[in-house]
Amino acid sequence: MKRFLSLALALCMLLSVAAFTASAESDVTIKVVANANIQSFFDGEDENNNYMIRWIEEQVGFDVEWYILPSENGEAKLNAMMASAADAPDIIALNRDNFLNYYNDEMIQCLDEYITEDFFQYDTQGAYKLGILDGSYWAVATPGNQSGTTYTWWYNTAMLADAGIEVPGRELTLEQFTDILYAIKEAYPDKIPMGAAGDGSTNWLNGFQIIYGAFGIANDYRINENGELEYALGSDDMKECLEYLNKLYADGIIDPEYLVTTKETLCPKMVNGDVVSVCAAWYDFTGTYRKAIENVDSSAKKDSYNWECVNIIDGGKITKGQTTGTLNQWYMCVTYACEHPAEAAQLLKLMLTPEYYDMCFFGVEGVDYHYDENGLLWRNPETTIGKKFAESGTQWYVYYYFSETKDQRMGRLAAGMPDYDMEHIMDVWYDCKEVDNPIAAMPAIEEYIEDYADIKDVASAYHIKFVMGEMGFDKWQDFLNETQAVGGDEVLAALQEWYATL
């Protein structure tokens, strides 16, 4: 089905797209579209005027232009740009679903001709395989450890200690976890035992992924006891999970405002002691929430850990923990409109190198950073770049499309801070990742591309109503029937047909 291009052409009529301006000083200009992200440029500089972009151009020997998509309707903007060869960029960064859509709609170029033997020499994880469809390279799948965000359960250690409630470790049985929640409710009847940023929520109720893991659900699709794929979000385990969450909600364990709670509204509840525990993405606590607590409580320093976390809740199912996600961060594609694909591939190859990584996050060795006698990297705070890193914690997210190993990421966060406790930062994230996603490397399957968005919408509507008590579980079969009506059985059959060939 070639619906994408028609949609993009229609969007192009509705959206005004700023065209790139090619440099008159170069015969080749490669235009790169970057997704919206946090930026921290120096005064008077932007994504096309800074030391990083100049270094990139020096390495490749041609002009490079970056364009940052807006934070709102970014995907629609990209679709509109891609509808016209005159406006389309040369390189785009896509997630897996959009990569398959663009491939299916013939919007990207085959890269076989440009993939040299040493192209993926720094890819120790084999992520490059994810960019192969039907035996050819259609994307450079950049290896990294940022996929599959994990969610943990954080609790106020002081409040639990005052109530005599003990948490025996970072892994709990479902029974232990449940007993602790109800003990919190009894000890603090006027407080919220467990909060989370529902933020409107989806078919995966935001924040509760750690609880899903207790019921053997880590991905939308999983392998059943017969070795076949099944739709996990419509399984008996999923029903059991939703019944469990519904009981917690009905009994006042879950914040009654969960569905409309955001990170911004949850944070003050934690700071004020109104909520005793939270289910949260690991980076939300280690970043947003912890910093907010420390700002008002001088005793809540990083070395005291007034909040602690549980990584895994074990419900006795075949699997436990959360998804490992995929091996890659992005699918870097060369578009159909690119007139210089060899140069575009050259830029992508540069982005996979350690030199690109170090320049992006640390600057110039010997000037902006150095290594001490123990091999620890220290940023030089007296340099302009060093000062900026100190202010923002990082700098060039707009260029963040490259290989990053776990050790690199941990080193980046701890640069210049030898006492930085990774056990309470990065291991919080990695220790949850237990279950592989069986469809992470699936090819472009038409049924999935066409219908899965509708299946997700149905699941979202029903799951929220089940948990919030707006619909009884006697309607479970209605939910299953509606997913089938929007193509659930056809999608599952197509996925299983592909999976059987592996």
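1. Buried means under 20% relative accessible area, exposed means over 50%, and partly exposed lies in between, with a 1.4 Å probe and protein chains only. On that scale, buried residues make up 55% of the 502 residues in the chain. The model is a predicted one, in which local features need pLDDT of at least 70, side-chain atom pairs count only at pLDDT 80 or more, and totals for chains, interfaces and linings use all residues. Residues are numbered from 1 along each chain as its sequence is written, and side-chain values use heavy atoms, with hydrogens and water left out.

2. The chain has 18 helices and 19 strands; these are DSSP runs numbered from the N terminus, with helices (H or I) of at least four residues and strands (E) of at least two. Contact means heavy atoms within 4.5 Å. Among contacts in the chain with a separation of 6 or more, 76% are accounted for by residues 24 or more positions apart.

3. Two packed helices are described by the angle between their axes and the distance between the axes. Axes are lines fitted to C-alpha atoms, for helices over the stretch in contact, and angles run from 0 to 180 degrees between N-to-C directions. Helix H6 (residues 174-187) packs with helix H8 (residues 236-250) at about 15 degrees, the axes being 12 Å apart. H6 is therefore roughly parallel to H8, given that angles under 35 degrees count as roughly parallel, over 145 as roughly antiparallel, 65 to 115 as roughly perpendicular and the rest as oblique.

4. On the H6 side, the contact with H8 is made by Leu174, Phe177, Thr178, Leu181 and Tyr182, and on the H8 side by Tyr244, Lys247 and Leu248. By class, the contact of H6 with H8 has six nonpolar, one polar and one charged residues. Here Ala, Val, Leu, Ile, Met, Phe, Trp, Tyr, Cys and Pro count as nonpolar, Asp, Glu, Lys and Arg as charged, and the others, Gly among them, as polar.

5. H8 also packs with helix H16 (residues 446-468), at an angle of about 45 degrees and with the axes 7 Å apart. That makes H8 oblique to H16. Met238, Leu242, Leu245, Asn246 and Tyr249 of H8 meet His463, Phe466, Val467 and Met468 of H16. The classes in the contact of H8 with H16 are seven nonpolar, two polar and no charged residues.

6. Lysine 185 is placed in helix H6 and counts as partly exposed, at 26% relative accessibility. Not counting residues up to four places away in sequence, lysine 185 touches Pro193, Asp251, Gly252 and Ile253. For the pair lysine 185 and glycine 252, the sequence separation is 67 residues and the C-alpha to C-alpha distance is 7.9 Å.

7. Serine 235 sits in the loop between strand S11 (229-231) and H8, and is buried at 7% relative accessibility. With residues up to four places away in sequence left out, serine 235 touches Ile217, Arg222, Glu230 and Trp476. Its C-alpha is separated by 9.2 Å from that of leucine 480, 245 residues apart along the chain.

8. Helix H4 (residues 96-104) has seven of its nine residues buried, so it is largely enclosed by the rest of the structure. The buried residues of H4 are Arg96, Asn98, Phe99, Leu100, Tyr102, Tyr103 and Asn104. Asparagine 95 caps the N-terminal end of H4, with a side-chain oxygen 3.3 Å from the backbone nitrogen of aspartate 97.

9. Two residues other than glycine have a positive phi worth checking. Glutamate 106 has phi near 60 degrees and lies in the loop between H4 and strand S4 (132-133). Glutamate 106 is exposed, with a relative accessible area of 59%. Asparagine 73 also has a positive phi, near 60 degrees. Its place is the loop between strand S2 (63-68) and helix H3 (74-82), and at 61% relative accessibility asparagine 73 counts as exposed.

10. Alanine 493 lies in helix H18 (residues 488-499) and counts as partly exposed at 47% relative accessibility. Alanine 493 and leucine 229 are 264 residues apart in sequence, and their C-alpha atoms are 8.8 Å apart in space.

Conventions:
A polar contact is a pair of N or O atoms within 3.5 Å; within protein, one must be able to donate a hydrogen and the other to accept it, and residues adjacent in sequence count only if both atoms are side-chain atoms.
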